[in-house]
Amino acid sequence: MAAALLLLTACQPSTKVKQQEAENDNIQNPIITMRYSADPSARVFNDTLYIYPSHDRDEAQWWDMEDYYVYSTIDMKTFKDEGLVFEPLKQTTWAKRYCWAPDCVEKNGKYYLYFPTDQDHIGVAVGNTPVGPFEDALGKPLISRTSPGVVAPRDYIDPAAFIDDDGTPYLFVGQNALNIIRLNDDMISYEGEPVILDNEKQLPYFFEAIWMHKYKGKYYLSYSTGPHIEGKAPQIGYAMADNIMGPYEYKGIILEPVSSGTNHHSIVEYKGQWYLFYHTSQLAMKNIPADSPDRKFIQWRRSVCAAPLHYNEDGTIQPVTLTE
């Protein structure tokens, strides 16, 4: 009897898994269904959570995004379409193509939207509200792959902004090499050259989609592993440090591969609960019949999802279990 009871207990889902599945049931994924969207940067401003994703076009057959829409929620159940907020290809004189994953932060009453274009440049637009209207702040890129000190072995993309507790702003950028840029207080300029973080010892398997957050005094860099782990599609891994510039210690995987192939996320606390935002091709698989020729394009027609995030007592992050 004791052996049978032990076996039965071992086969039951853990309390943590049960809790996570119950919490996931309260979030109706995908959370953004108005249009295809990907690469979600979630931010909290004035008790409202805003999501700044890239926009996959309905007919997309590649990563050729053109503009930015914003979404908001006050309860993690209903998401409002805040509409089109910025079009770099029309509202700047220098951006020519490919408006990929953006991010937005607030400082001194202004909102700063950082965005990559042309696989080479990071621009910044400024607005008076979280939903704009945003305008090109400089008339040129803030930083490019040709800027002094930049290391860009592949695309120069995926800007993630972070303002530390002392008010110092930073921008994290890059693919295959992480550039850390200390911004000036005006948020549209910087001095010196980027700090390049060692991505073999400190950020193993780093590919793209960097994100910085802070929890109980520790710094967390999370990112997509891309194709760097043999036999695995992109996952979300993370590392921790006591100092923003490191050294970082790799801690493992937060999110396993998803249906979209690419994996891109953000992590934020909202109303006392931490969340992981990510994307999948779940909506496209529902919308596009399995026998349709368009089915092969679902990796470019993604949709934003969310899940609760939990920490262990030592500050490490519990892997997120996805449920449909």
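Buried residues have under 20% relative accessible area, exposed residues over 50%, and partly exposed residues lie in between (1.4 Å probe, protein chains only). The model is predicted, so local features need pLDDT of at least 70 and side-chain atom pairs count only at pLDDT 80 or more, whereas totals for chains, interfaces and linings use all residues. Residues are numbered from 1 along each chain as its sequence is written, and side-chain values use heavy atoms, with hydrogens and water left out.

**View 1. Salt bridge between Asp-165 and Lys-214.** Asp-165 is exposed, with a relative accessible area of 67%. Its closest approach to Lys-214, N to O, is 3.0 Å; a salt bridge places a side-chain nitrogen of Lys or Arg within 4 Å of a carboxyl oxygen of Asp or Glu. Asp-165 belongs to the loop between S10 and strand S11 (169–173) and Lys-214 to strand S14, 49 residues apart. Strands here are DSSP runs (E, at least two residues), numbered from the N terminus.

**View 2. Salt bridge between Asp-103 and Arg-43.** The closest N and O atoms of this pair are 2.7 Å apart. Because Asp-103 lies in strand S5 and Arg-43 in strand S1, the bridge ties together parts that are 60 residues apart in sequence. Asp-103 is buried at 0% relative accessible area, and Arg-43 is buried at 12%. The whole structure holds 14 salt bridges.

**View 3. The largest pocket.** About 400 Å³ of space lies in this pocket, the volume being the space filled by probe spheres set on grid points that are joined across faces, edges and corners. On a 1 Å grid over the protein atoms alone, a pocket is an open set of points where a 1.4 Å probe fits, with protein on both sides within 12 Å along at least five of seven lines; lining residues have an atom within 4 Å of a point. The lining comprises 17 residues, and Arg-43, Val-44, Phe-162, Ile-163 and Val-268 lie nearest the centre. S14 gives the largest share, four residues. By type, the lining has 11 nonpolar, one polar and five charged residues. Nonpolar here covers Ala, Val, Leu, Ile, Met, Phe, Trp, Tyr, Cys and Pro; charged covers Asp, Glu, Lys and Arg; the others, Gly among them, are polar.

**View 4. The largest nonpolar core.** Such a core is a set of buried Ala, Val, Leu, Ile, Met, Phe, Trp, Tyr and Cys residues joined through side-chain atoms within 4.5 Å. Of its 37 residues, Phe-172, Leu-178, Leu-221, Tyr-248, Ile-254 and Leu-309 touch the most other members. Strand S16 (residues 236–241) gives the most to this core, with five residues. Leaving aside neighbours within four places in sequence, Ile-254 is in contact (heavy atoms within 4.5 Å) with residues including Ile-236, Tyr-238, Leu-276 and Leu-309.

**View 5. Backbone geometry at Asp-39 and Pro-247.** Most residues other than glycine have a negative phi, and most peptide bonds are trans. Asp-39, in strand S1, has a positive phi near 55°. The bond joining Gly-246 and Pro-247 is cis, with omega about 5°; Pro-247 lies in the loop between S16 and strand S17 (249–255).
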